[in-house]
Amino acid sequence: MLTVVTFLPLLACAVLVARRLPGRACVWVWIATAAADLALVIALWANFGAGGGLRYEQRVRWIPSAGVSYHVGVDGLSLPLVALTCLLFLAVAVYSLRETRRVRAYTCLFLFLQTVCLGLFVALDLIVFFVFFDLSIVGMFFVIAGWGHGEQGRAAALKFFLYTFIGSLALLLGFIGLYLAATPHTFDMLDLTRANPLAGRGAYAALVLLAIGAGLAVKTPTVPFHTWLPPAHTDAPAAGSAILAGILLKMGAYGFVRIAMPLLPGTWREYAMVFIVVGAVSAVYGALVALGQTHFKRMIAYTSVNHMGYIVLAVGAAGVLAGTDVQARTLAVTGAVTQMVSHGLLTAALFLLSGVLYDRGGTYEMDRYSGLAAPSPKLATATGVAAFASLGIPGFSGFIAEFQIFTGSLASQAVATAIALTGILITAALFLRALRGMFMGSLRLPSSTGAGGFGDMVAAETFSIAPLLTLGLVIGVAPRFLLDVIEPAGRTLVGLVAR
Amino acid sequence: MNENLAALVPETALLVAAVAGLLAGSWLPRRRQWVVAALAAAACVAGVVVTAVTMAGGRDQLVFSGAFAVDTATGAGRLIVLGALVPVGAMSVEWLRGNQREAEYYVLLLLTGGGTLAMIGANDLLMLFAGYLLASVPAYALAGFAKDATSTEAALKYYLMGALTGVVMLAGVSVLYAAGHATLYGELRPALPSAPYGLVAVGLVAVLAGLLFKIGGVPAHYWVPDVTDGAMAPVAAYVTTLPKIGGLIAAFRLLHQAFPASEVNWPLLLAVLAALSMTLGNLAAFFQTSVKRLLAYSTISQVGYLLMAVAVATRSDLAQPALLFYLAAYAVTNLGAFAVVTELPSARTLDDYRGLAHRHPGLAAVLVVCLLGLVGTPPTGVFLGKLEVFAAAVNGDYTWLAALAVANTVASLFYYLRWLTPLFRTPGVPADVHAPAGRWSATTAYLAAASSLALGIAGGAVLPLFTGAPSP
């Protein structure tokens, strides 16, 4: 079942490669595929049931002599991300109805990326995980290089590729370290979790965690590995930015809860402080740098560093046993996963909105715009909602996530949490400033505005962005349906870390 | 004494086909010379079938007084060599059309293939040297086959370097004979630990010099870029692929069988050579603008990764399957990249590849698969090969080497991407630069790229074939 969900987009991609359809028809095929995939995932969710275990597991021998198997399955940590992936790709597909440049190749690339993203979140074998991790870099490289902003876009794509590829190779070294430590040698995550091969292995275990942690930190991204992110986001097409921020960044954070914590519990506890510090620094640093931006998209990119910092803080705090109880740590992990979902929804919406802005005005510089609320009330409303949701106002998913993260972390890490909390204040300031500058006051448009003036959002844009914000609101008001899935898995994870 | 000639059917098939092709070639009219090519292909296919039967039978043996080993490594090496000869021949078809020496070309190819097979199975120093000569001499002629200025220079460089290292290698053989009073690996193994340290060390280094020349490893790599750039594209594909298979398996067998207990710290020596090869190859490839030179330096760096497996030959059980699998994956991937170069004879620089994705999307896809494959991006075969090699290196306590290899892999990405990015730009070059050579090279390219992917995905079925200790 999960295999079907994962490879359905790739199948559609193969059909599109084989048959020459006109551009618009390609996008409709994509929308249909993404919608079917989302429907399948909703069915999976409905039958998921309670408890923190794995569901829909499937295991096929792949390369037995190397200890690799095609092993997939979902639990409460991955199912929300799988659902998020399907939803975001559907939103991006609808948004891409406007795309006019080489649409067939563009559609194929995104269908390929969807398979890759889904495959990563359902993988239960380190090599399968790595394969998808690496392919996501390849796919996104071509999206940025092919549909980004000209020569600059190609440079950003290269930088993105090199940085994240270094990370992925560090990850591979870590995986090999795990593989060799286990007897019999295996890459299977469940077997490795059971065997806990690096317990009491001192420096060797620390090196493995260093390799895995660095690899995931690049992708997450945390300070100081985040420098690839702003150019990649700035120069990618809007749809690419939305997927990059919404899904690809989660791969790093997800790796922490799926691989680093359960497979290296003792070492994680020992070095939890490193992650707590990195998380707190990322949260504050990302917010401060975002505050200094005049470029709308770059600003959102830096707020991603801030938001992902909260996640790293929470998973670090979940590794500290002293001064906390299971409840607090579970809360931190649950908050981290909720934050992944929430950030995916809201940041994707913000990036799509920035695409609307660029489409009309031809620039992302915020001080070139003023008073946009008058000609485009829908854009102003959506941006306002997304900005407030993103800064963590109650009633939206961001609040639920951050509340849990801070409550769960405060008990043991009062200082780090207090420092990270200031990130919220700074984000509030920067979002409010951006909203006031761009949407209030008298109308002023950049000279690069098209002849048609500054039009409001069209149907394709509305129907891609509004569902994301609506879901953010639903999670904010009635989060139980999400938390019921995440919490048991979070508790299981916390149990594994405390071994 | 086992003198079972039936064990040598693949080698014999190539030699018989070579002799028959030479005779037939002098009688056949010019437009019928393709018969020799067909004969060569038939010999390769026959060799593959026989090897498959032998491997399925699983009977390892030593033949001719133990001078030649028929075991897993030999079987795998035969499959890779014969499997690589066919595409090399196929991509040569368009280059040789109308050439009056068409038959001779295939004969030379068969002879050097036979020599490579002899190196793979060699279990004796003299056998190894004979294989070295048989593999090298026809290759010198192949390098100069086009008879123009650059290929003549290539042949001369190739020959001079090969003659020099060949003499050094023969000297090494005699020094080792003096030290161990034997040339059979099985007899050297117990004799060498008690032999004078200096003699063994000098002899081993001298023998390795010849093998390093064959595989194009640092410090005997100077010929690689000039020969690759100067020779015809199919010959360049040959030169950067096949000798490596022979040389590396020969080195593996030599070190694993004759030197396991020796005091000479050859694992460290090979680890350093591996590190140097991958690093220097990568650094030199960075700013190349000619695609053939770029591929030449890329093969030097690939030899570095392959040498990692040789360095841990006796320190990790993973080394042999890693080496053999990486060789197979490297062979198809490298041949795929060269098949594209062969298919587009007028596109010589990276800039000439601008807009290839618009004009020939299929060839562009092959390049994406093969170049990213050479980087080691999953799910291509080289990825699995790298995974195995890294695992073997870490398992053999050379974690620093694995870490260096990872750093090198990242660095290599830079120049492969320098080639890939122009493919997707708007065409800025005249259309005739992308004039395809013909169907044979294109088909080879597609098949090679498909095999590279298939090796990665179906690696589980292939890897067990390569596991099995060398015959004693």
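Predicted model: local features only at pLDDT ≥ 70, side-chain atom pairs only at ≥ 80, totals over all residues.
Reader: Before we start, what does contact mean here?
Author: Contact means heavy atoms within 4.5 Å.

Reader: How many over all chains, then?
Author: The count over all chains comes to 19 salt bridges.

Reader: Which residue does Arg59(A) meet in a salt bridge?
Author: Arg59(A) meets Asp188(A), with 3.3 Å from N to O. Arg59(A) is in strand β1, and Asp188(A) is in the loop between α6 and α7 of chain A, so the pair ties together parts that are 129 residues apart in sequence.

Reader: Is Asp188(A) buried or exposed?
Author: Asp188(A) is buried, because its relative accessible area is 0%. Arg59(A) has 46% relative accessibility, so Arg59(A) counts as partly exposed.

Reader: What about Arg98(A)? Which side chain does it meet?
Author: The partner of Arg98(A) is Asp359(A), at 2.8 Å from N to O. Arg98(A) is in the loop between α3 and α4 of chain A, while Asp359(A) is in helix α14 of chain A.

Reader: Switching to chain B. Which residue does Arg253(B) meet in a salt bridge?
Author: Arg253(B) meets Asp71(B), with 2.7 Å from N to O. Arg253(B) sits in helix α10 of chain B. Asp71(B) is in the loop between β2 and α3 of chain B. The two are 182 residues apart.

Reader: Are those two buried or exposed?
Author: Arg253(B) and Asp71(B) are both buried.

Reader: Which residues of chain B are linked in a network of salt bridges?
Author: The network links Glu153(B), Lys157(B), Asp226(B), Asp229(B), Arg293(B) and Arg348(B).

Reader: Back to α10 of chain B. Where is Ile249(B)?
Author: Ile249(B) is in that helix, α10 of chain B. Its relative accessibility is 2%, so Ile249(B) counts as buried.

Reader: What does Ile249(B) touch?
Author: Leaving out residues up to four places away in sequence, Ile249(B) touches Ala73(B), Gly77(B), Ile120(B), Leu324(B) and Leu327(B).

Reader: How far apart are Ile249(B) and Leu211(B)?
Author: They are 9.9 Å apart in space, C-alpha to C-alpha. In sequence they are 38 residues apart.

Reader: New topic. Which residues touch the most other members of the largest nonpolar core?
Author: That core has 371 residues. Phe129(A), Ile212(A), Phe259(B), Leu307(B), Met308(B), Tyr353(B) and Trp419(B) touch the most other members. Apart from it lies another core of five residues, including Phe68(B) and Val70(B).

Reader: What is Ile212(A) in contact with?
Author: Neighbours within four places in sequence are set aside here. Among the contacts of Ile212(A) are Leu171(A), Phe175(A), Leu178(A), Ile259(A) and Leu264(A).

Reader: What about helix α15 of chain A? What should it span?
Author: Helix α15 has 14 residues, so at 1.5 Å a residue it should span 20 Å. Its end C-alpha atoms are 20 Å apart, which agrees.

Reader: Which of its residues are buried?
Author: Among them are Leu379(A), Thr383(A), Gly384(A), Ala387(A) and Ser390(A).

Reader: And what covers the buried residues of α15(A)?
Author: The cover includes α13, α14, α16, α17 and α18 of chain A.

Reader: Which residue with a positive phi follows α15(A)?
Author: Gly392(A) follows α15(A), and its phi is near 95°.

Reader: Which residues of chain A does the UniProt domain annotation cover?
Author: The UniProt annotation covers residues 123-427 of chain A. The record, an unreviewed entry, reads "domain: NADH:quinone oxidoreductase/Mrp antiporter transmembrane".

Reader: How much helix and strand is in residues 123-427 of chain A?
Author: The chain is 78% helix and 0% strand over those residues. The end C-alpha atoms are 34 Å apart.

Reader: Last one. Where is Gly150(A)?
Author: Gly150(A) is in helix α6 of chain A. Gly150(A) is partly exposed, with a relative accessible area of 36%. The C-alpha atoms of Gly150(A) and Ile465(A) are separated by 26 Å.

Technical notes. Residues numbered from 1 in each chain as written. Chains lettered and ligands numbered in written order. Heavy atoms only, no water. Helix = DSSP H or I, 4+ residues; strand = E, 2+ residues; numbered from the N terminus. Expected span 1.5 Å × (residues − 1). Buried < 20%, exposed > 50% of the residue type's maximum accessible area, 1.4 Å probe, protein only. Core = buried A, V, L, I, M, F, W, Y, C linked by side-chain atoms within 4.5 Å. Salt bridge = Lys/Arg side-chain N within 4 Å of Asp/Glu carboxyl O. UniProt positions renumbered as here; feature names shortened; annotations may be inferred.
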